[in-house]
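Work through the following exercises with the structure open beside you, and try each task before reading its solution.

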Amino acid sequence: MIPFQYTKANDVTDAVRLIAANGGAKFIAGGTNLLDLMKDNVERPTTLIDISRLPLTSVEETASGGLRIGALVPNADLAWHPLIEKRYPLLASAIMAGASQQLRNMASTGGNLLQRTRCAYFYDTATPCNKRQPGSGCSALNGVSRGHAILGASASCIATHPSDMCVALAALDATVHVTGPTGARVIPFADFHRLPGDTPHVDTNLGPDEIITAIEVPAKGFAANHSYLKIRDRMSYAFALVSVAAALELKDGTIQEARLALGGVAHKPWRDVAAEGALRGRPAEEASFARAADLLLRDARPQAHNGFKVDLARRAIIRTLSQAAHGTPQSQSNKTIQ
Amino acid sequence: MSTLNNTAKTYTGTATSRVDGRAKVTGAAKYAGDFNSGGLAYGAVVEATIARGRIVRIDASEALRVPGVLDVITHENRPRVADSDEAWKDDVAPEEGSPFRPLYDDAVKFNQQPIALVLAEEWEIARYAASLVRVDYEKQPFVTDVHRKRDNAIVVAKPDKPRGDVAKAFAAAEVRHEADYFIPTEHHNPMELFASTAMWEAGGPLTVYDKTQGVQNVQGFLCSVFEKKPDEIRVISPYVGGAFGAGLRPQYQVVLAVMGALKLQRSVRLVLTRQQMYGLGYRPATIERLALGAQRNGTLDAITHEAIGITSQFEEFSRNDTGWSALLYASPNARYEHRVAQLDVPTSCDMRAPGAATGVYALESAMDELAVALKMDPVELRLRCYSDRDQNENLPYTSKRLRECYREGAAAFGWDKRQPEPRSMRDGKTLVGWGMASGVWEALQMPVAVRIVMTANGHAEVSCAASDIGTGTYTIMAQVAADSLGLPIENITIRLADSTLPRAPVEGGSWMAASACHAVIATASEVRKELLRLAKLMKTSPLADAVEEDVALSDGKLVSRTQAERGVSISDMMRHGAVERIEREKTNEFAQDNAHARNTHSAVFAEVKVDEELGVIRVTRVVSAVAAGRVLNPKTGRSQVMGAIVGGIGMALHEETIYDHGLGRIVNHDIAEYHVPVNADIHDIEVIFVDEPDTLINPLGMKGLGEIGIVGVAAAVANAVYHATGVRVRDLPITLDKVLTRRQAA
């Protein structure tokens, strides 16, 4: 780990001022990913600005009927928050599918969005990686690619985004509230994370001197018909091979509105509005789900070692939509797949 | 008149909580990296980032400029070390080859090889400075993939003794099964990181706290490597946080810690990072080829078992993978061959049940496939091939209750309700599969020396250089000492794992329990003799006419075996004889018996539930029935077997060290990406100890339990997956993608 300066921000304005004044500085909240990356010499901040004491820890109802979640609400608190459990159980479920209890206790809501990929080459400074060192090459392209992207990848990077929570937030049409030197702005969730293109070192559209202050979820929470299903190599504490967040609004067995987002398959939480559109007006049955899955995966391009992901994603989409339609969401405490 | 056996409380055979449990859960137990001293310096290792080549230049100037950095040791400026292979061979080193010498010269023999040691005032400084050491390499071509070396793997001498004409018998067999099985490289991943703290003292010996399974092995090795006299280095390892074989050989960090201490003339601590642990030994990736020829009635005519394991370019490590096949089952014709592929990787090493965990996985998978081909119940097939003799040596066993393992295990599991057809059992959306396998391991025993110091207050200190690697050695030695000295277990203090204590081999091979416990008994009998001598000195001694065989220690007294009321208390005898302490040391040697084979056995039954659409596998039940002689401590024994079953489930479904063979580098070198089972993966586990009286093997009739628990588990799970899905995955681990894609291909 490299030597670094440590400083505390007193409020959001102070945090923005500090990061703008310190080239090479990074914010630290829970540190659950940043510290690992620093120990591995992947992240080398000159200064850590501690934002963990900023007053961004509340969950408040908004005038439009949604919820505004402070960026520093710990993942565990969010998952167990009564309003989240009651109105946004899809979000609670996705959080509980991720990491471990200890990590969820430490990790913040904003930090969860800013997790870096778990691509092994990104972590290993002895290997080329365009995300870590632009222009050095992508080791995964010709290396071990079992866990990598099947959608939206580029010749520069085939990494995936590791978050579970973000998959649910993408499905729920969340927005990201940020503040920077020129003031506050709101970024739709779909625009927050980026595809790798030829700049895979830039994960998000958050400005260099901006801070996430809150995540807002709109009124519609799909509490009645939703499910988050995570398929992984062991039953807990493993990143998704494929995960699916599904939410439906049903009327007499017909889909009025659908949300569908995938994790573990792309450089960002992968939401497909075309596939959602194809579900609208259809009966909530397997044929409809299969059609949506095929549509979502129409451009899937597997890597050398993850051809299975395309078929697995299709199967997982069908299962998750079916769980949502039946009102029997996947339990995250009982690890049995339903 | 009461006889002793009726009144004495015996700890031996009674479930007893760990005597070191409180120290461990409260943090009082100190591990190798926990010891401290004034002026301690910290080390950090710089590793090679190429798989093979030469170091052209190491530039440590930037690292040396970091405030707090004390030194950077490389092959160019290291202290003198021995320069013969013989000097670098520890007790467990392979016979063939040239052991790895850290920081010896400019050769890079594997990725993650240590090439520099940074020493600093603080651990963080050392680690940072290590990242500043610049290395230029001359790269050379390398191979890390066993499949690329399959055809030019070299034959190793063992195993031997083929019997009959296998080729002819196989060709003539009514039913044949032939297949390759593959076990990938696995790393031990003990919870405790490898660590050494070398305490330097001017003019005194160097005391080294090390994570090891054998302090005397490390001590002898260090003396030899650094050309020191035996009293100049002392090695201590009171507690070990898991090792599973990784700590049998001295690891490089202990060499580097000593090197640092000698160079700085200061105490040095070196703790490897989790990532660096993947630069150590591992269970070798192994290709196993089985060919079984049988008659329709299920008797075997021919067994061929060939294995190709991996090792480094500089040492030939291998264990017996293949011999188990024709040891276990009656077959007039059998042939084995073991080869090793030499790759640009570190030397492979022992990992829990080395050879058997892998070889028996292949054998028991093949037996399952044969049962399918014969349309015979898998248990029935094994009974048809059952052998009461060691087939390799043609010897009877001291005891073998494998038949009872099958019977008791099957009954507890409910095996009779199994429907034989694959994909025929369901639980809602999931396919249910039931599989079974046999397990076999050796019941080894070694000479061990134990010292007992008994004091007049009825306390005894029992000491020995053996390690307790978390298996319960402290506890069972205390149980046996309490019984043989007639004292409450609270009055026994066990001291272990200090190289100055009486002689013991490394803790491995499941031999330590029987070996150490019998050494306790042997030494306790010397103490008893001395007490009898003292008793006879007393006037009107109730034991005046007693002879050695007639007396025993019980309840703090030396008593007549036949008349328990005739006795004298330990304190009276010692006070009367004006003796404050009785100290005895004895090495126990087991009687030579070349007329019997000594093995432990098991029958493992597993249930899996597989999501038919998604391929997700859960091991919902495991029943393991183990025959391992007399079980000294059912509580720690059960823990041992349970832990081994979890390891076996990991071997079946999760564990794999993944190499990027293009880079010659491990890509999942941390605990997040190298998967072992987590709690959510583990469901019901039932351990049954089958009653196996053994009057031949040793006085207590006991065998070791450290390894038998893992043998057969992976095969039982793999066989259950086949039964559930109809998909036979022959390359571990059985991940869901293999089940899904191969089902479609089938």
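**Exercise 1.** Determine how many Å separate the centres of domain 1 and domain 2 of chain A.

*Solution.* Begin with the bounds, which come from an automatic or database domain assignment: chain A is divided into domain 1 (1-54) and domain 2 (226-325). Then take the centres of these two domains over C-alpha atoms, and the separation is 36 Å. This is a predicted model, in which local features need pLDDT of at least 70 and side-chain atom pairs count only at pLDDT 80 or more, while totals for chains, interfaces and linings use all residues. Residues are numbered from 1 along each chain as its sequence is written, and chains are lettered from A, with ligands numbered from 1, in the order in which they are written.

**Exercise 2.** Describe the contact between chain A and chain B, and state which helix gives the largest share of chain A's side.

*Solution.* Count residues as in contact if their C-beta atoms, placed from the backbone, lie within 7 Å; the contact then takes 26 residues from chain A and 27 residues from chain B. On the side of chain A, the largest share, six residues, comes from helix α13 (residues 308-325), where helices (H or I, at least four residues) and strands (E, at least two) are DSSP runs numbered from the N terminus. Sorted by class, that side of chain A has 14 nonpolar, six polar and six charged residues, with Ala, Val, Leu, Ile, Met, Phe, Trp, Tyr, Cys and Pro counted as nonpolar, Asp, Glu, Lys and Arg as charged, and the others, Gly among them, as polar.

**Exercise 3.** Work out the strand order of the open sheet of three strands in chain B, and find its edges.

*Solution.* Two strands pair if DSSP finds at least two bridges between them, and the order in chain B is β23-β24-β25, with antiparallel pairing. The edge strands of chain B are β23 (551-554) and β25 (567-569), since each pairs on one side only. From one strand to the next, the twist averages 20°. Strand β24 (residues 557-560) of chain B pairs with β25(B) over three bridges, and K557(B) stands opposite S569(B) in β25(B).

**Exercise 4.** Characterise how helices α16 and α17 of chain B cross.

*Solution.* The axes of α16 (residues 634-653) and α17 (residues 713-725) of chain B come within 8 Å and cross at roughly 50°, the axes being lines fitted to C-alpha atoms, for helices over the stretch in contact, with angles running from 0 to 180 degrees between N-to-C directions. Therefore α16(B) is oblique to α17(B), as angles under 35 degrees count as roughly parallel, over 145 as roughly antiparallel, 65 to 115 as roughly perpendicular and the rest as oblique.

Key: Two residues are in contact if their C-beta atoms, placed from the backbone, lie within 7 Å.
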